[in-house]
Amino acid sequence: MFEKIKGILWRLFGRKTIVPDIEIAAQDQFGRDYEQAQDINFTAVFANKLASLIVTESLVTADGKNPRAEFIDGCISDVWDQAKKITARALGTGGVVLIPYAAGGKIFTDIVPQDRFYINDVCGRNIRAASVLADVIVRDGKRYARYTDYMLENGVYIIRNRAECEGKRIPLEFIQEWKQMQEEIRIANVDKMLFAHLKCPVDNRRAHDFYGVPITYGCGKIIADIRECMEQIRDEFAQKQVRVFADEALFGNSEAIEGTLFKRFMVGGSLENGPFLEVFDPAIRESSYYTRLTHLFELLEKAVGVSRGILTEQVTQGATATEIKRASYDTFALVENMRKNWEKAAQELAYAYNVLAEFYGITPPGDFTIRWDWSYALIESSTESWQELVTGVQLGIIRKEELRQFIRPNESIAEAKKAIREINKQDMEATAQNPASTKTGKTQEAESEKNTAGITEVTAMGGLK
């Protein structure tokens, strides 16, 4: 298949991918393996679990009080709504490519699997030219494919659309869905490619870094051993069938015994020579099988680079909060690496949205800042984090608006300041309207502090415990 793709890219764009054939074939295999749903898919299990830990209760926003910032924030929010799916796909196949495009005066984002993304030129770690299998339509028994080529040349970003059927180029107008597309678009004053390549952080074990690899890359032997062990357990339970052997004299010529637990047998020709019934109920060797299976699960978790808790149970009984954090640290380290890749991808997407918004005149220019609010529930308690922030405010090293953002993560610093000013204003107005209640409240507070001090003093003297 990849040999055919290479020929198509050459005929449509005069492009020759720089990625080795074996790696292109590997990307195709990674995609098929991840999409396999007929059996237990351990790559999908790890990818989905880790994706939940990476994006749940987390948020990305574009901050700025202008139409351009609001526009970019809306585009990024649309992508972040699918963050769980995108992250799982990137971890399961090695990576995905997020490609913005304009249609009907709006900007949308395509989620392109890595096995449909072909790198044609790089400068260091930066891609300078790439082609994508953008769309496939099957009609009247024929397969029509649309390819898009992206190239950055002397500050000009060039987008070219081509269509083919059975290896031959066809006009875009031939397909109704593509007839409105331009064959070529040129955008000036562009510094980098207008797409984001979100890759899995696992080492691909190659000298170059064109593509990412799945989260379970290099774990094929362990997964094969796990499948073998699970087959052995299944066979053990299937073959372990209880049987009750009964003397033929108990049933005679009756056929009622068929399809039941009972089997006929003869007891030496006479009933008194032996028992009427004999039960065959062999023991199952479940203990040894499940011990081996658990060991293989632990080995796979270590090979992937995560802590216990993905395939095995995390041991928390009797453990302190610090011990639980340390027990989850390997998983947290992998989560943090993927989050860094997300931050880089989000910056690249924001740049692409900004360029396209300017090129198509969607909004006036304006400054913006990409902000992240990552959840750290995996390794820390929200109560502890809140108390740390409160202490920081008391010490004067944290502002109140930063404290407010902890419980209102969607608010900007300016919005938090405004809310705090309004709260203080309301408190002052309430105090002015009812000074007596305020005085009473202060008196009660002073008495409470006095009583507390008295209890502390008695405790120090040994009077109270």
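Is threonine 363 buried or exposed? Select threonine 363 and take a look: at a relative accessible area of 15%, threonine 363 counts as buried, because the cut-off for that word is under 20%. Keep in mind as you go that this is a predicted model.

**Stop one: around threonine 363**

Threonine 363 sits in the loop that runs between helix H9 (329-359) and strand S14 (369-373). Now show what surrounds threonine 363. Setting aside neighbours within four places in sequence, you'll find contacts with Pro67, Arg68, Phe71 and Ala357. Zoom in on arginine 68: its side chain and that of threonine 363 are joined by a polar contact of 2.6 Å. Along the sequence, isoleucine 72 and threonine 363 are 291 residues apart, yet in space their C-alpha atoms are 10.0 Å apart.

Next, select residues 156-165, which make up strand S7. Of its 10 residues, 9 are buried, so the rest of the structure largely encloses this strand.

Which strands does S7 pair with? Start with S6 (residues 142-153): S6 and S7 are antiparallel, with 10 bridges between them. To see one of these pairings, pick arginine 146, whose bridge partner in S7 is alanine 163. The hairpin of S6 and S7 has 2 residues between the strands, and asparagine 154 there takes a positive phi near 55°.

Move on to S8 (residues 168-170), which also pairs with S7 in the antiparallel sense, over 3 bridges. Here cysteine 165 has lysine 168 in S8 as its bridge partner. This hairpin, too, has 2 residues between its strands, and glutamate 166 takes a positive phi near 55°.

Select isoleucine 158 and you'll see arginine 186 of S9 standing opposite.

While you have strands on screen, show the side chains: in a regular strand they alternate between the two faces of the sheet.

**Stop three: glutamine 114**

Finish with glutamine 114, in the loop between strand S3 (106-113) and strand S4 (117-123). Glutamine 114 is buried, with a relative accessible area of 2%. What does its side chain make a polar contact with? Show histidine 197: the two side chains meet in a polar contact at 3.0 Å. Beyond residues up to four places away in sequence, glutamine 114 touches several others, including Gln27, Thr93, Lys199 and Tyr211.

Methods. Residues numbered from 1 in each chain as written. Predicted model: local features only at pLDDT ≥ 70, side-chain atom pairs only at ≥ 80, totals over all residues. Heavy atoms only, no water. Buried < 20%, exposed > 50% of the residue type's maximum accessible area, 1.4 Å probe, protein only. Helix = DSSP H or I, 4+ residues; strand = E, 2+ residues; numbered from the N terminus. Pairing = 2+ DSSP bridges. Polar contact = N/O pair within 3.5 Å; in protein donor to acceptor, adjacent residues only side chain to side chain. Contact = heavy atoms within 4.5 Å.
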